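Please look over the sequence and the model before reading on.

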Amino acid sequence: MANFVLNAQSREAAQQGKGSSRRLRHAAQIPAIIYGGSAEPVAITLELREIVKALENNAFFEEVIEIKIGDKVENVKIQALQRHPAKNTPMHADFKRA
């Protein structure tokens, strides 16, 4: 079992793009993507407070993370994290299937 468990919602194609991502960030959510393996990439939305709490631990960048999307669970590792240049808050995350 992974030490880190994040809850997420999937995003449809209509909720992707620059404007939609900005609206998500203003609502204290972060756009993210899960890719790799034999499955198709999945666009998701994470809660800002959950990811900030997980980022306090350095092991978050090394261990397998469980992301729950509805009733489906993805085991992933963080591949990239974009932060705001001045505020240092997360803006986007890329996860790769483990």
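With which side chain does the side chain of glutamate 74 make a polar contact at 3.3 Å? The partner is the side chain of lysine 72; a polar contact is a pair of N or O atoms within 3.5 Å, where within protein one must be able to donate a hydrogen and the other to accept it, and residues adjacent in sequence count only if both atoms are side-chain atoms. This is a predicted model, in which local features need pLDDT of at least 70 and side-chain atom pairs count only at pLDDT 80 or more, while totals for chains, interfaces and linings use all residues. Residues are numbered from 1 along each chain as its sequence is written, and side-chain values use heavy atoms, with hydrogens and water left out.

**The barrel**

- Six strands form a closed barrel in the order β1-β3-β2-β6-β5-β4, with mixed pairing; strands (E, at least two residues) and helices (H or I, at least four) are DSSP runs numbered from the N terminus, and two strands pair if DSSP finds at least two bridges between them.
- From one strand to the next, the twist averages 45°; axes are lines fitted to C-alpha atoms, for helices over the stretch in contact, and angles run from 0 to 180 degrees between N-to-C directions.
- Strands β5 and β6 run antiparallel and are joined by seven bridges, with alanine 80 opposite aspartate 94 in β6.
- Helix α1 (residues 18–26) packs on the sheet and touches β2, β3 and β6, where contact means heavy atoms within 4.5 Å.
- The direction of α1 makes about 125° with that of β2.
- Helix α2 also packs on the sheet, touching β1, β2, β3, β5 and β6, and its direction makes about 80° with that of β3.

**Strand β2**

- Strand β2 (residues 29–35) is largely enclosed by the rest of the structure, because five of its seven residues are buried; buried means under 20% relative accessible area, exposed over 50%, and partly exposed in between (1.4 Å probe, protein chains only).
- Six bridges pair β2 with β3 (residues 42–47) in the antiparallel sense, and alanine 32 stands opposite isoleucine 44 in β3.
- The hairpin of these strands has six residues between them, and glycine 36 takes a positive phi near 100° there.
- Strand β2 runs parallel to β6 (residues 90–97), with four bridges joining them; isoleucine 34 has phenylalanine 95 as its bridge partner in β6.

**Aromatic pairs and the core**

- The structure holds two aromatic pairs; rings of Phe, Tyr and Trp (its six-membered ring) pair if their centres lie within 6.5 Å, and planes under 30 degrees apart count as stacked, over 60 as edge-to-face and the rest as tilted.
- Phenylalanine 4 and phenylalanine 60 have ring centres 5.4 Å apart and planes at 85°, so this pair is edge-to-face.
- Ring pairs link Phe4, Phe60 and Phe61 into a cluster.
- Phenylalanine 60 is buried at a relative accessible area of 0%, whereas phenylalanine 61 is partly exposed at 41%.
- The largest nonpolar core has 21 residues, and Ile44, Phe60, Ile65, Ile67 and Phe95 have the most contacts inside it; a nonpolar core is a set of buried Ala, Val, Leu, Ile, Met, Phe, Trp, Tyr and Cys residues joined through side-chain atoms within 4.5 Å.

**Glutamate 74**

- Glutamate 74 is found in strand β5 and is buried, with a relative accessible area of 7%.
- Its side chain also makes a polar contact with the side chain of arginine 97, at 3.0 Å.
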